[in-house]
Structure formats: C-alpha cells, structure tokens
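Hello,

Here is the structure I promised to pass on to you. Have a look at it first, and then read on for what turned up in it.

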Amino acid sequence: METSEKIKDILSIELEKRGLRKTVERFKILEAIYERTDHFDVDELYHSLREQNFHVSRATVYNTLDTLIDCGLVRKHHFGGDGALFEKALGFRQHGHVVCINCNKILEFCDPRLQTIRESVGRVLDFDITDQALIFYGTCKDGCESNRHQSHLKPEE
C-alpha cells in the first residue's frame, strides 16, 4: 500500500475510534504535512495551505494538529525557540536532533545505538519506554545558514 494511502487509512481508523468526523480539512492538512521534509510551525503550515488555495482557519489547523498528535501521526517538539515545531511521525526512523542556538537550524541524525540505549535503559529501570527525544544544542561550525528546519533522514523502506 502506498505510504500516503496508508497514512490516510490510519487517520480514518483513528477518527472512527474517537468518534470524530472525517472532514476534508483533516485529510488535506495531513496530506500537506506528509508532503513536507522539514520541521514546521503552525503558521508555516497554515500559509502553505493558503498558497495551495485551500482555505482553512488557523483554529482548524491547531485543532487538527492536536488530533494528529493524539493519533501518533505527527510529533510536537519544543526546541527552546519561540514555539512548538512539528514533524511527521510515521515513515521515518527513530532519530535525534541537533539545534543551532544562533540560527535555530535543526538537523536530524540516526544512530543505531539509540535503540540499544533505549532497550538497555528500559531493561535496567524495568520501564516500558514508548517514546524518546534526544536533542543536542550547539553552534554551526560552517556559519549560520538561513534554512532552519532541515531533515537529512530518508523514509524507511
């Protein structure tokens, strides 16, 4: 099954479980998110929808993001900047983030040791770990660039 159809099916099932309507707006917002390759804030998502001539209120975007987070389709991050940033949650490997404290550039990284550490911590502390977040803060070595939300991850196969 194609990834976008799989994600839409997941949303459909989750909306049914929660007794929520399957609106065009929810699916369009989900689609717009999964077309992105970066971290984004609410305004960036809202404006990208408007640029596609899809008229939706900011309140609908906020409410839909909350629903998508609850459904496990979107992740919300607080990297210490002005507000929350979001990223798609399915189809990408477990990863950490590196954030530049000067320009707010965000880079993602994968390291297989993350899974090993997660399993070890869970075993030692007798804890069922269901999620994780690893964020390193520092400064860019090559000067600060204007592109602040970069992703270097490839979709899982």
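Let me start with one side chain: Glu31 has 29% relative accessibility, so it counts as partly exposed (buried means under 20% relative accessible area, exposed over 50%, partly exposed in between, with a 1.4 Å probe and protein chains only). Before going further, please note that this is a predicted model, in which local features need pLDDT of at least 70 and side-chain atom pairs count only at pLDDT 80 or more, while totals for chains, interfaces and linings use all residues. Residues are numbered from 1 along each chain as its sequence is written, and side-chain values use heavy atoms, with hydrogens and water left out.

**Salt bridges**

The structure holds 9 salt bridges (a side-chain nitrogen of Lys or Arg within 4 Å of a carboxyl oxygen of Asp or Glu). Glu31 forms one with Lys8, at 3.8 Å from N to O. Because Glu31 lies in helix α2 and Lys8 in helix α1 (residues 3–18), this pair ties together parts that are 23 residues apart in sequence. Helices here are DSSP runs of H or I with at least four residues, strands are runs of E with at least two, and both are numbered from the N terminus. Lys8 is partly exposed as well, at 23% relative accessibility.

Glu31 also meets Lys28 in a salt bridge, at 3.6 Å from N to O. Both residues lie in helix α2, 3 residues apart, about one turn of the helix. Lys28 counts as buried, with 18% relative accessibility.

Elsewhere, Arg36 and Asp38 join their side chains in a salt bridge of 2.9 Å, N to O. Arg36 is buried at 15% relative accessibility, whereas Asp38 is partly exposed at 23%. Salt bridges with shared partners also link Glu5, Lys8, Lys28 and Glu31 into one network.

**Two crossing helices**

How do the axes of α2 and α4 cross? Helix α2 (residues 24–35) and helix α4 (residues 58–70) have axes that come within 10 Å and cross at roughly 75°. The axes are lines fitted to C-alpha atoms, for helices over the stretch in contact, and angles run from 0 to 180 degrees between N-to-C directions. The two helices are therefore roughly perpendicular to each other (65 to 115 degrees; under 35 counts as roughly parallel, over 145 as roughly antiparallel and the rest as oblique).

On the α2 side, Glu25, Arg26, Ile29, Leu30 and Ile33 meet Thr60, Val61, Thr64, Leu65 and Leu68 of α4, where contact means heavy atoms within 4.5 Å. By class, this contact has 6 nonpolar, 2 polar and 2 charged residues (Ala, Val, Leu, Ile, Met, Phe, Trp, Tyr, Cys and Pro count as nonpolar, Asp, Glu, Lys and Arg as charged, and the others, Gly among them, as polar).

**Strands**

Strand β1 (residues 74–77) pairs with β2 in the antiparallel sense over 4 bridges; two strands pair if DSSP finds at least two bridges between them. Val74 stands opposite Lys88 in β2. In β2 (residues 85–88), Leu85 and Glu87 point one way, Phe86 and Lys88 the other, and all are buried.

There is also an open sheet of 3 strands in the order β4-β3-β5, with mixed pairing. Its edge strands, β4 (106–109) and β5 (135–138), each pair on one side only. Neighbouring strands of this sheet are turned by 20° against each other on average, direction ignored. Strand β3 (residues 96–100) runs parallel to β5, joined by 4 bridges, and Cys100 stands opposite Gly138 in β5.

Best wishes
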